[in-house]
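User: I am new to this structure and would like to learn how to read some of its features. Could we go through them one at a time?

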Amino acid sequence: MITRLFLLCFVTTASCQTFPKYSPRRDTNSSLSGYDFVDPLIGTRNGGHVFAGATLPFGMAKAVPDVTNDNQGGYASNGSPISGFSHMHDSGTGGASSLANFPIFVYPGCTNDDINGCVFPKTKRSVQAVDGSVSARPGYFAIDLESGIRAEITAANRTALYKFTFFGNATGNATVDAPLSPLFIVDLTDLPDTRQNGSASVDPDTGRMTGSGTFLPSFGTGSYTLHFCADFLQGTPIRDTGVFVNNRAGSEPKSIVVGKDNNSPPLPAGTYTWFNEVESGSTITVRVGLSFKSVNQACNNAETEIPDFDFSKTLATAEDVWKDKLSVLSIDTTGFEDTSLQTIFWSGAYRAMLSPQDYTGENYLWESDEPYYDSWYCIWDSFRSIHSFITLVDPYSQTLMIRSLIDIYRHEGWLPDCRMSLCKGWTQGGSNADVVLADAYLKNITQDVDWETAYEALIKDAEDEPPVWDYEGRGGLNSWKKYGYIPADDYDPYGAGLFTRSVSRTVEYAYNDFCIAEVAKALGKQEDYEKYTGRSGNWKNLYNPDQTSDIKGADTGFTGFLQPRYLNGTWGYQDPTLCSSVNSFDSCYLNPGGHETYEGSPWLYTFFAPHDMANLITTLGGPDTFVSRLDYLHESGILCQASLFRHHRDVGDEQAFLTIFQYHYAGRPGKSTERVHYYIPSQFNTTTAGIPGNDDSGAMGSFVALAMMGIFPNPGQNVYFITAPFFPSVSIINRLTGKTATIKTVNFDTAYKNIYIQSAKLNGEEYTKSYITHSFFLEGGTLELTLGDKESTTWGTGDDDVPPSGI
């Protein structure tokens, strides 16, 4: 980031306030590392919803200022004002905002030097940021406010640390006729305004503010309780403490309790600590500990993680942790004058390590010695690339996550498909934790993993229907077993859920069963292997070979699509283009009117048979017709992100990822490379709007990082598609084995004319396959790719060279 000098002039007065330069990055090495190219602000505009604040890898504390609009990630680069600084967030999610509990709001002083000269409700107190003042890097966020305050933020795992510097006393564009006497309030609220109850108190001697609240999850059922403990670095004398309710405050009492009320949003309430007058340039440091268990544990977390309030030391630790995480990756950038592609790559890798979040020791639902990770938001998104990426770059963390999933099953009875804030989240399609577990098993994630219990969980997903399958397991299992598909008019007296998505649920259930079959085979359970392999072919039961498709009356030229089907075996109808950019892109969400596919069209879902591509290609007319159909999907405008911000050709929803690489199965890996090099950088860039949709907990980040390395997984299988990388060479160190896998190129050019693989060598031996397995990354070695400017007619084209498929 470039350091700048900001001059803040308040237009209603003749005075100006000068903000000093930001603290530069710590420079412990003269050479730049991947850390130095990360820009956390990418994806903070136009619906990306990326969390841009301070956190550790998979950290629970995620601290950032909250804006008033499009604020799912807390901060957004959209010019909307700041309503507070809060300490927990998710990243890249769609739908409603989440978390951001107990925000701090800071005033440099109150009008007429009266406590009630300050405004308390968050709907009225927000303040604009100084234009161009935001600075962010891993572990650090800074912003200047028009009220004359600079905020700098860093974090430990369960503790946020804020350093506020006061340069003047102004509110909005008007100076305040009062001394520079800072006021800190903690508000018993969250971003989505779901508070059910809350309590807070303040210590008049130390200014410590503590409290608790019960809130609702943003995409699930139930409620959760969270606690905070806010302390100040002693130095400036405390002037007064007290509580506020609605728009009034007073020094008595020193605690407050609020219940659920009929106000919308809930009645503002909280505590405050007011400091004596300070000199311009003075700083006040605030430490906020968090816990799901108790106020005492929140305070203990803060005191243990950041005992001395040392901002520089805490920041240095955060930077070092991030540098270490990213150091397993290295790229050769020889010949590049523009660093934008490096920024895209490293920022994507960074975002893929924000979630799930490590809440180990904070789960009040059950006692366990196993790790506990949360913010699986949602596995429907993350199974497609996030967990495969984490397995490559941080297998130890992925192992902890797998153990956490299994422990959730032990205590909740089901694997989650979505989970946040210790609550069960809504299921969007299949039981896709099955895919995550299978992917991990096939890639040697074994340390202290109870695979016997994991297999039990997989079988339960496949065989038992829960009473409510909206948030766990699968629905319609009786029909699934009896008919081999989910009927659009299903009769299901065994469980309740949202009776939509019969097409997308059918194809996802089929793939879930294939993943179970893989694990069964590896465990020597032949009968189960045969059963679930058989069921995995059920996707064909919703293929209507006679279904045509048109766009606004013009025939697409392709026949045969997945369609809804009834209990009696007859066909229903959903326009194959419905829920795409050419036809009602916003019609297939998770609601009672959401149709038979989810966040995508039958055109898109017809391609979803990741395990049975040979049969799919034959079903769709053979390799040439399959390639033409894939081309049409990518070039017609059908493939789009279902978003209010974009509905043009892009890969803004995760189901599109795999379609980019499915040309491999038709013996055309060069076409996959063409698609990758279209979408990057056309849909991924270094701007704040630099991703094509919600980042979805790092899904877009992991996609772009993997694709730029020249490898992309078929998740749930031991397969990585090989495409030309975006750099002359890429290396990955496996932290479990210590081995290094390197992908290097011959004839690489920075203009990207030579994007087609002509031939390959694996450890010096000719290699004709268009995919590679995980053993390459475990054992290390060198994959050398010779590139050219025309698609090869030989490499990766033979029957034995395409990725394995067919059941």
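This is a predicted model: local features need pLDDT of at least 70, side-chain atom pairs count only at pLDDT 80 or more; totals for chains, interfaces and linings use all residues.

User: At what angle do the axes of helix H9 and helix H12 cross?

Analyst: In general, two packed helices are described by the angle between their axes and the distance between the axes. Here the axes of helix H9 (residues 451–463) and helix H12 (residues 526–535) cross at roughly 45° and come within 13 Å. H9 and H12 are therefore oblique to each other, and their crossing is left-handed.

User: Which residues of H9 and H12 meet?

Analyst: From H9, Tyr455, Ile459, Ala462 and Glu463 take part, and they meet Asp528, Lys531, Tyr532 and Arg535 in H12. Sorted by class, the residues of this contact of H9 with H12 are four nonpolar, no polar and four charged.

User: How do helix H11 and H12 pack?

Analyst: Helix H11 (residues 502–522) packs with H12 at an angle of about 160°, and their axes are 8 Å apart. Because that angle falls in the class over 145, H11 and H12 are roughly antiparallel to each other, and H11 passes H12 in a left-handed crossing. Among the residues that make the contact are Phe514 and Ile516 of H11 and Tyr529 and Thr533 of H12. The contact of H11 with H12 has seven nonpolar, one polar and four charged residues.

User: In what order do the nine strands of the open sheet lie?

Analyst: The order is E6-E7-E8-E9-E20-E15-E14-E13-E18, with antiparallel pairing. Strand E6 (135–137) and strand E18 (255–258) are the edge strands, each pairing on one side only. On average, and ignoring direction, neighbouring strands of this sheet are turned by 15° against each other. Within the sheet, strand E15 (residues 224–232) and strand E20 (residues 282–291) are joined by six bridges, and Val288 in E20 is the bridge partner of Ala230.

User: Which strands does helix H2 lie across, and which does helix H3 lie across?

Analyst: Helix H2 (residues 295–305) lies across E9, E14, E15 and E20, and runs at about 125° to E20. Helix H3 (residues 311–326) lies across E6, E7, E8 and E9, and runs at about 50° to E8.

User: How many disulfides does the structure hold?

Analyst: A disulfide is a covalent bond between the sulfur atoms of two cysteines. This structure holds four disulfides, and one of them is formed by Cys110 and Cys118, whose sulfur atoms are 2.0 Å apart. The torsion about the S-S bond of Cys110 and Cys118 is about -100°, so this disulfide is left-handed.

Definitions and conventions. Residues are numbered from 1 along each chain as its sequence is written. Side-chain values use heavy atoms; hydrogens and water are left out. Axes are lines fitted to C-alpha atoms, for helices over the stretch in contact, and angles run from 0 to 180 degrees between N-to-C directions. Helices (H or I, at least four residues) and strands (E, at least two) are DSSP runs, numbered from the N terminus. Angles under 35 degrees count as roughly parallel, over 145 as roughly antiparallel, 65 to 115 as roughly perpendicular and the rest as oblique. A crossing is left-handed if the near helix is turned anticlockwise from the far one by less than a right angle, and right-handed if clockwise. Contact means heavy atoms within 4.5 Å. Ala, Val, Leu, Ile, Met, Phe, Trp, Tyr, Cys and Pro count as nonpolar, Asp, Glu, Lys and Arg as charged, and the others, Gly among them, as polar. Two strands pair if DSSP finds at least two bridges between them. A disulfide is a pair of cysteine sulfur atoms within 2.5 Å.
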